[in-house]
Amino acid sequence: MRWSQYYLFTTREVPADAEVVSHQLMVRAGMIRKVAAGIYSYLPFGWRSIAKLMAIVRRELDAKGACELVMPAISPAELWQESGRWSKYGKELLRIKDRHGRDFVFGPTHEEVVTDIVRHDVKSYRQLPFNLYQIQTKFRDEIRPRFGLMRGREFLMKDAYSFDADDAGLDVAYRAMHDAYCAIFAACGLEYTVVEADTGAIGGSASHEFMVLAETGESEVVRCPGCGYSANVEKASSGALPPPERDGEPGPMREVATPGMTTVDEVAEFLGVPTAAMVKTLIYDNEKEEPVAVLVRGDRAVNEIKLANLLDVQYPVLASDEKVAALTGAPVGFAGPVGLPPGLRVIADESVRDLAGFACGANKADAHLVDVVWGRDVEVGEWADLLLARGGDPCPSDGCGGILEPFRGIEVGHIFKLGDKYSRAMGCTFLDENGREQPMIMGCYGLGIGRTVAAAIEQNHDDDGIIWPLPLAPFSVLLIALNPQEESVRRAADELYDALRQHGVEVFYDDRPERPGVKFKDADLIGIPLRLVVGKKSLAEGKVELSRRRDRQRQPVAVADAVERVMALLGD
């Protein structure tokens, strides 16, 4: 393809709303164009990378026996009401009405639609198992879309759905999709890892996320280098936290005046105790029941995803200052577990179980309690893992003894064991070998198409632009003619262009009448892996310059050998 005939317009300006590198570079390299908040057009140069990824995805899923179909982006509300997600999904679900006033959904995912398809066709265990997948446009009405394709509202996703007769069959399907995803990201040339994850609004019994490793990743992950345990911090557990050391046994519980001290750090410094020897009491509201009090160690945070799962709600939120005061009798910052109202549900995180003689709020303004002891001064009837894990925590694996290390990643794939969550709710059943009706056992498997391409850029770039891994590069070779108005340069470049194309090479030919500096700047920006430069000076010596975008080390190559050298480098 000749640049002079191609729809590619680069820019030096960084978009004002572009917070991450991939967003900046995809706009500057002419890959995407913003239409509205979180909604983008894929321009020709960007679509080539998208198409490359989709081809890899189709190849690997087809190899696992999955069958491609396409479902409508818009689906009727009745299907979502059947599954229960019409009310539970939240404001991210874009609800629309047609001209007759009927409710529809712009699908963020397609569990309901695919279940409806299958329940009409499959009746017997003999027709199982199978896996259906599509690559389709999705929409999630993010409250604050950002980061370009990383967190948009409209996006391309590959979603697959497996149907089995039992849990053993689901295990086989789940492993097959796990392996397919590993093959996909390896084929893309990306460094990635797989971590345990929360099932979120999709639901199910288990899930794993596939993370492209990048310092700019928005997801925080912990892993143990010893045993290999790894999980998103939304899901991660840690081993038992060692309690802080203290001198002697705790004395009787007593109240200490702490005027105006509302933060853990302020109180700990005033009392002369470590923050780890304090217990925070946080009051949460939720949409299902009365408020709950959550107790956690003073130096740690509550994992609100774990809390939501425990309460079976979507969004637990901290109670208002007024509600905290009404429940505890004290302003925010002075709540504690001693003397809470009898009807208030109290849940203590495991991190506080081994604290002896801890400090906490006194449920009184400007006062805290010290030397509080479980069982002697206060009872807790409910314990749970509600801790937000972090690097430096003990590994939770039995007998490991390792320490969790933190890293950042970009979620590009997520697989779930759904079980019968949707099939039971929607009557997607089959007759087993004994003639008994059973719900089908499902799995679902999502992979962000645009997000993966953006993640590849986050992992592969420098200060000057993109450094494409070859499998996702829009073109394999960038051929640059310097001063193409020179007859000898244009002729040599044209001949190389034709020869490369005859060898099946995807070559992008910069034949524009631009200054060399502009061409080299653009070359660095768009990041095509191999660069072949034809210039008057080197051509006079019978040579052209060959270089890789990754290191930009220029190698003079005889014109007659240029195509062979390019083919050798592409085969590496």
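Predicted model: local features only at pLDDT ≥ 70, side-chain atom pairs only at ≥ 80, totals over all residues.
The crossing of helix 2 and helix 6 is right-handed, a term that applies when the near helix is turned clockwise from the far one by less than a right angle, anticlockwise being left-handed. Helix 6 covers residues 167-187, and its axis and that of helix 2 come within 9 Å and cross at roughly 145 degrees. The axes here are lines fitted to C-alpha atoms, for helices over the stretch in contact, and the angles run from 0 to 180 degrees between N-to-C directions.

Residues are numbered from 1 along each chain as its sequence is written, and side-chain values use heavy atoms, with hydrogens and water left out.

Staying with this pair, Leu53, Ile56, Val57, Arg59, Glu60 and Leu61 of helix 2 meet Met177, Ala180, Ala183, Ile184 and Ala187 of helix 6, where contact means heavy atoms within 4.5 Å. By class, that contact has nine nonpolar residues, two charged ones and no polar ones. In this scheme Ala, Val, Leu, Ile, Met, Phe, Trp, Tyr, Cys and Pro count as nonpolar, Asp, Glu, Lys and Arg as charged, and the others, Gly among them, as polar.

Helix 2 has a further partner to look at. Helix 2, which is residues 44-63, packs with helix 11, residues 449-459, at an angle of about 115 degrees, and their axes are 10 Å apart. That makes helix 2 roughly perpendicular to helix 11, since angles of 65 to 115 degrees carry that label, while those under 35 count as roughly parallel, those over 145 as roughly antiparallel and the rest as oblique. The crossing of helix 2 and helix 11 is right-handed. From helix 2 the contact uses Ser49, Ile50, Leu53, Met54 and Val57, and from helix 11 it uses Ile449, Gly450, Thr452 and Val453. These residues divide into six nonpolar, three polar and no charged.

Leaving aside neighbours within four places in sequence, Thr452 is in contact with Leu53, Phe185, Leu190, Val412 and Leu447.

Stepping back to the whole protein, there are 15 helices and 31 strands, which are DSSP runs numbered from the N terminus, helices being H or I of at least four residues and strands E of at least two. Along its principal axes the C-alpha trace spans about 95 × 65 × 55 Å, and of the 572 residues 52% count as buried. Among contacts with a separation of 6 or more, residues 24 or more positions apart account for 69%.

Now to the strands. His368 lies in strand 19, residues 367-372, and is buried, with a relative accessible area of 2%.

Arg254 is in strand 13, residues 254-257, and is partly exposed, with a relative accessible area of 47%. With residues up to four places away again set aside, Arg254 touches His368, Leu369, Val370 and Asp371. The C-alpha atoms of Arg254 and Ala359 are 9.6 Å apart, although the two residues are 105 apart in sequence. Asp371, also found in strand 19, has a positive phi of about 55 degrees although it is not a glycine, and at 13% relative accessibility Asp371 counts as buried.

Arg552 sits in the loop between strand 30 (543-548) and strand 31 (555-558), and is partly exposed, with a relative accessible area of 31%.

Finally, a cis peptide bond, with omega about 0 degrees, joins Leu128 and Pro129, and Pro129 lies in the loop between helix 5 (111-121) and strand 7 (130-139).

Technical notes: Buried < 20%, exposed > 50% of the residue type's maximum accessible area, 1.4 Å probe, protein only.
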